[in-house]
Amino acid sequence: KKEIGKLVRLLAELSPDVVNLPNSMLSALAPAIKAEMKVPVCCTLQGEDLFLNGLLEPYRGESLRLIAENAAHVDAFIAISHYGAESMAAFLGIDRGRIRVAPLGIRAEAFGNRRAAPPDPFTVGYLARIAPEKGLHVLCDAYRILRAGGDLPPGRLHAAGYLAPEHRAYLSDIRRNMGEWGLAPQFRYFGEVDRADKLEFLKGLSVFSVPGVYDDPKGLFLLEALAAGIPAVQPRRGAFTEILETTGGGLLVEPADPAALARGILELWRDPQKREELGACGSRNVRRHYTAAGMAEAALAVYRSVV
């Protein structure tokens with residue numbers, strides 16, 4: 001309580017017109033800010049349900065009760081996808097009318113022009129945290145199905161992204177499985193990449209997929225791949241559905257189904273023209289619907305509505 005008081009006094013010195021809390025787990029700040037500063041409070045919803053659902057009882061239930069209680073002091077919630085707005089309204093027990101949507105946006109121009117020629121051999125790529133919930137093991141299983149069926153000639157499966165210490169065993173299991181399947185030479189983990197290396201990594205892909213096993217409300221990695229002109233094959237769940245339906249940049253398949261994912265990837269391997277068309281469409285429409293400027297304007301519109 002003392003530290004919250006110090007924080008509120010510091011914020012008051014800045015004389016803000018509005019305060020935005022970055023997620024609902026910090027909603028305990030809202031009552032103190034409203035009481036001391038008399039300014040509107042907004043709260044962004046960014047998929048914290050994944051963390052909250054991982055808590056043991058009674059902590060999960062107590063956390064949800066406290067968030068619902070603190071929500072009364074929040075003037076507006078901001079979701080980063082339409083899926084996120086619907087799911088978090090139900091999860092936190094918040095009136096859907098109190099949640100506005102400011103879709104994620106990126107600086108698509110930073111991804112430059114699309115590559116002149118596709119990579120050879122055919123390369124499937126994954127760029128996200130290396131963690132079970134992001135589904136790299138599902139993608140590896142789909143790749144195994146493709147190669148075992150004899151439909152796909154030897155290619156490459158490239159992965160990059162942050163690897164937390166607690167998930168090193170997970171990556172080791174993936175490498176062991178790829179070895180047992182005789183696919184180790186075709187799999188490469190590039191580690192955590194900086195921005196320049198990320199852009200270079202994406203240029204080397206034929207198809208992109210991060211087949212998460214939960215309903216991801218963000219999909220930032222998907223926007224980046226589409227901006228780079230890489231067609232995607234994603235499970236029909238979470239924000240992936242609205243992103244690909246809005247951009248037309250890829251295929252949606254049944255979730256948690258490596259065989260369905262394999263069929264989607266195979267479809268794009270067999271049809272280079274379709275890969276090119278989907279890549280061009282995704283790149284074009286990310287720049288139309290998911291820009292950083294558009295995200296800023298949507299957030300500002302929420303702030304103006306409560307000030």
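Predicted model: local features only at pLDDT ≥ 70, side-chain atom pairs only at ≥ 80, totals over all residues.
Nonpolar packing was examined first. In soluble globular proteins, nonpolar side chains tend to be buried together. The largest nonpolar core of the model has 63 residues. Within this core, the residues with the most contacts are Leu136, Phe187, Leu202, Phe208 and Leu222. Helix α6, spanning residues 136–148, gives the core its largest share, seven residues.

Phe187 is itself among the core residues with the most contacts.

Helix α10 covers residues 238–247. Eight of its ten residues are buried, so the helix is largely enclosed by the rest of the structure. The buried positions are Gly238, Ala239, Phe240, Thr241, Glu242, Ile243, Leu244 and Thr247. Several elements contribute to the cover over these residues. Among the helices are α5 (82–92), α9 and α12 (272–289). Strands β9 (232–235) and β10 (250–253) also take part. Gly248 follows α10 and has a positive phi, near 65°.

Cysteines were considered next. A disulfide is a covalent bond between the sulfur atoms of two cysteines. With a cut-off of 2.5 Å between cysteine sulfur atoms, the count comes to zero disulfides. Cys140 is buried, with a relative accessible area of 2%. Cys281 has 18% relative accessibility. Cys281 also counts as buried, because the threshold is under 20%.

Rolling a probe the size of a water molecule over the atoms shows where empty space is left. The largest pocket holds about 600 Å³ of space. It is lined by 25 residues, and the closest to its centre are Ala128, Arg129, Lys134, Lys218 and Phe221. Two elements give two or more residues to the lining: α3 (49–53) and α9 (220–227). Helix α9 provides the largest share, three residues. By class, the lining has twelve nonpolar, nine charged and four polar residues.

Key: Residues numbered from 1 in each chain as written. Heavy atoms only, no water. 1 Å grid on protein atoms, 1.4 Å probe; cavity = no way out; pocket = protein on both sides within 12 Å on 5 of 7 lines; lining within 4 Å. Points joined across faces, edges and corners; volume = space filled by probe spheres on them. Helix = DSSP H or I, 4+ residues; strand = E, 2+ residues; numbered from the N terminus. Nonpolar A, V, L, I, M, F, W, Y, C, P; charged D, E, K, R; others polar. Buried < 20%, exposed > 50% of the residue type's maximum accessible area, 1.4 Å probe, protein only. Core = buried A, V, L, I, M, F, W, Y, C linked by side-chain atoms within 4.5 Å. Contact = heavy atoms within 4.5 Å.
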